Amino acid sequence: MTARPFRSIASVLIQRTIVLAVLCMVVFFCVQSWLLRSEHQRQFEAVMSDVANTSVPLLAAALWDIETQAVQAQLQFIAKKPAIGFARLQAAGGQVFEAGNSELAQQEAIRSITIYAPHGTQALGVLHLSGNPQYLWQGLKAEALRILLGYSALTASICALIAFMLKQLLQKPLSTVAGFASELTPHQLTTPLRLNRAPPNPTAMRLTCWSKAWSSCRRPCTSTSTTLTIW
């Protein structure tokens, strides 16, 4: 039978503490990621509503007046929003206006908004908007870094506390016992072991003495009452 390698109690406790901390950190990060994704989705919907209420009327006026520079400037303003990565406007006359990250141009647009004339139902174009994936990843990286630093500091503190308590409560007393046992000889077997303990609390000693005295006083009374009951 192969003997297992010796491991100290401190190393076992610290190792298990680290494993549990890593598992808790992973679970907490998954929950925070889901919450962060939901929050970004709500923010994107709020941005879409803001674009539809503020930017689309300005784009409709610029397209109606055939002001291409105003259209391009408004698209640049829309694309600068953190939740939006790319914006494309396909005008009814065939013109195409683009702004934002061109690498997202080949991706399918998340939201398409039809732009109508300011005073009518004529369609002047369609605005295609794509989300910014880096916006979510940046939030996830910041959250992961915050969780990693927080759990690392907490785990290091717990491990340091475990090592300190084990050293004070086990290592020092056991070292004293081992040193005493190694110095024993056949002529010193009756030598008492003296441990370096803190001086006793006077209040606790008084309470102990009072408790012993009270127990000793009750003992005769109890025996007497028992005898009387029998007779």
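1. Basis of the note. This is a predicted model, in which local features need pLDDT of at least 70 and side-chain atom pairs count only at pLDDT 80 or more, while totals for chains, interfaces and linings use all residues. Residues are numbered from 1 along each chain as its sequence is written, and side-chain values use heavy atoms, with hydrogens and water left out.

2. Five salt bridges are found in the whole structure; the term denotes a side-chain nitrogen of Lys or Arg within 4 Å of a carboxyl oxygen of Asp or Glu. One of them joins Arg111 to Glu45 at 2.9 Å, N to O. This pair connects strand β3 (residues 111-116) with helix α1 across 66 residues of sequence. Helices (H or I, at least four residues) and strands (E, at least two) are DSSP runs, numbered from the N terminus. Another bridge, at 3.2 Å, is made by Arg88 and Glu98. Here Arg88 belongs to strand β1 and Glu98 to strand β2 (residues 96-100), 10 residues apart.

3. A salt bridge within one helix. Arg146 pairs with Glu143, their closest N and O atoms being 2.4 Å apart. Because they are three residues apart in helix α3, about one helical turn separates them. Glu143 is buried, at 14% relative accessible area, whereas Arg146 is partly exposed at 49%. Buried means under 20% relative accessible area, exposed over 50%, and partly exposed in between (1.4 Å probe, protein chains only).

4. A buried lysine. Lys81 lies in the loop between α2 (68-79) and β1 (84-91). With a relative accessible area of 17%, Lys81 is buried. Leaving aside residues up to four places away in sequence, Lys81 touches Val47, Asp50 and Val51 (contact: heavy atoms within 4.5 Å).

5. Nonpolar surface. Ile9, Leu13, Leu161, Phe164, Met165, Leu169 and Leu170 make a nonpolar patch of about 670 Å². Patch residues have over 30% relative accessible area and no salt bridge, nonpolar side chains (Val, Leu, Ile, Met, Phe, Trp, Tyr) being joined within 5 Å; accessible areas come from the Shrake-Rupley method with a 1.4 Å probe. Helix α3 gives the most to this patch, with five residues. Met165 lies in α3 and is partly exposed, at 41% relative accessibility.

Methods:
Patch = residues over 30% accessible without salt bridge, like charges linked within 9 Å, V, L, I, M, F, W, Y side chains within 5 Å.
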